[in-house]
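Have the structure open while you go through them.

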Amino acid sequence: MKSLISEILAPCGNWDMVKASVRAGTDAIYLGTKEFSARAYAENFTVEDVKEVVKYCHLRNVKVYVTLNTLIKQSEIHKAIDYVNRLYNIDIDALIVQDIGLAYLVNKLFPDLDLHASTQMNINNLNGALIAKELGFKRIVLARETDLEELKNIRKNCDIEIEVFIHGSLCVCQSGQCLMSSLNGDRSANRGRCAQPCRKDYKIILANETINSKLSYLSPKDLCTIDNVGEIAKYCDSLKIEGRMKSKEYVYSIVKSYREKLDNGKYDYYLDEVKNRGFTKGLINNTNGYNYVELGRKNQIKGNTVGKVLGKGKIKFTKAVLKKDILILSNGKNTF
């Protein structure tokens, strides 16, 4: 059940990210291998790599969760079970699973291996949590569409560990339910091969007339809950950061920021410098509409505000800058 402080769970797509997240103060990491991973285009690991990662992390009191979070074809069942057996024998801390049939077999063949229900299972309410517990899952990774009140309801009424996304990219569709990539390019999101067509540039057109050129993206902004992560942490066991395909700088900055916020109530690391889009507080905080969808991404300048132009030849720096930093006026305004 609930510990006093929720763990911070960091994404790792390569060794550099493992080391960066551990140094930043993560409690656990999650990663995928080159087989059965929902991030098939990440660098990923071999099972032998995972063995070394487990040794490295366990020596530093950090847990390692491995993803097997794609739907499994009938012809792949034997290969998948062999894969689980190899992971089981290198002492991973848990397996993250989407496929219910595979979960049944893992529970039967490896009863002491902890199973986490992937966010791809789209568990977003109490009934889903109760079913997951009945199916033998130790933890549920809630869909990102779950709001804070439903999180509280699940915590109160279901004795299961809860993991919640607190930062990172969001999907335009409900977790685990998108078929857009499959239909457009025969690359299934449920097989780890999403082409992310929702990130493309779109316009709304009706009867050959452009209705609203401002709505140029279907894509949501990036989730950022740092303002109320302490409140979220009261009702879950794990705070999950998205980003296995991102950089070591990204994972270090995000983990460090949330670590400091949870431990000290404030943070110094720059979140703006490692983001891909604007920030939203997400559906967990009932944020929607223009505060949720990314608008005018091409016009946005990503970075951290470090100063202000007071007048001709007069600049006031509010934060330190380094010799090789690039200073850009923010959208034509007097900040940079």
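1. Ground rules. This is a predicted model, so to speak of local features we need pLDDT of at least 70, and side-chain atom pairs count only at pLDDT 80 or more, while totals for chains, interfaces and linings use all residues. Residues are numbered from 1 along each chain as its sequence is written, and side-chain values use heavy atoms, with hydrogens and water left out.

2. The hairpin. S13 and S14 make a hairpin with 2 residues between them. Helices (H or I, at least four residues) and strands (E, at least two) are DSSP runs, numbered from the N terminus. Strand S13 covers residues 307-311 and strand S14 residues 314-317, and they pair in the antiparallel sense over 4 bridges; two strands pair if DSSP finds at least two bridges between them. In the turn, Gly313 has a positive phi of about 75 degrees.

3. Strand S1. Residues 7-11 form S1, and 5 of its 5 residues are buried. Buried means under 20% relative accessible area, exposed over 50%, and partly exposed in between (1.4 Å probe, protein chains only). Glu7, Leu9 and Pro11 point one way, Ile8 and Ala10 the other way, and all are buried. Note that Glu7 is in that buried set.

4. Neighbours of S1. Which strands pair with S1? One is strand S11 (residues 238-241), parallel, over 3 bridges; there Glu7 has Ser238 as its bridge partner. Another is strand S2 (residues 28-32), also parallel and over 3 bridges, with Leu9 bridged to Ala28.

5. Aromatic pairs. The count is 2. The rule: rings of Phe, Tyr and Trp (its six-membered ring) pair if their centres lie within 6.5 Å; planes under 30 degrees apart count as stacked, over 60 as edge-to-face and the rest as tilted. Trp15 and Tyr56 are edge-to-face, with 5.6 Å centre to centre and 85 degrees between the planes. Trp15 lies in helix H1 (residues 15-24) and Tyr56 in helix H2 (residues 47-59), so this pair ties together parts that are 41 residues apart in sequence. Trp15 is partly exposed at 27% relative accessibility, whereas Tyr56 is buried at 16%.

6. The tilted pair. The ring centres of Tyr88 and Phe110 are 5.3 Å apart and the planes sit at 50 degrees, so the pair counts as tilted. Tyr88 comes from helix H3 (residues 77-88) and Phe110 from the loop between H4 and S5, so parts 22 residues apart in sequence are tied together. Tyr88 is partly exposed at 30% relative accessible area; Phe110 is buried at 8%.

7. Pro111. In the loop between helix H4 (100-109) and strand S5 (115-117) you will also find Pro111. Is Pro111 buried or exposed? Its relative accessible area is 62%, so Pro111 is exposed.

8. The cavity. A search of the whole structure gives 1 cavity of 30 Å³ or more. On a 1 Å grid over the protein atoms alone, a cavity is a set of points where a 1.4 Å probe fits but cannot get out, and lining residues have an atom within 4 Å of a point. The largest cavity holds about 80 Å³, a volume being the space filled by probe spheres set on the points, which are joined across faces, edges and corners. Its lining includes Leu142, Arg144, Asp147, Phe165 and Ile284.

9. Cysteines. The whole-structure search finds 0 disulfides, a disulfide being a pair of cysteine sulfur atoms within 2.5 Å. Cys158 is buried at 3% relative accessibility, and Cys224 is buried at 11%.

10. Most residues other than glycine have a negative phi. Asn61, though not a glycine, has a positive phi of about 65 degrees; Asn61 lies in the loop between H2 and strand S3 (63-68) and is exposed at 73% relative accessibility. Asn286 also has a positive phi, near 60 degrees. Asn286 is in the loop between strand S12 (279-280) and S13, and at 52% relative accessibility Asn286 counts as exposed.

Notes. 1 Å grid on protein atoms, 1.4 Å probe; cavity = no way out; pocket = protein on both sides within 12 Å on 5 of 7 lines; lining within 4 Å.
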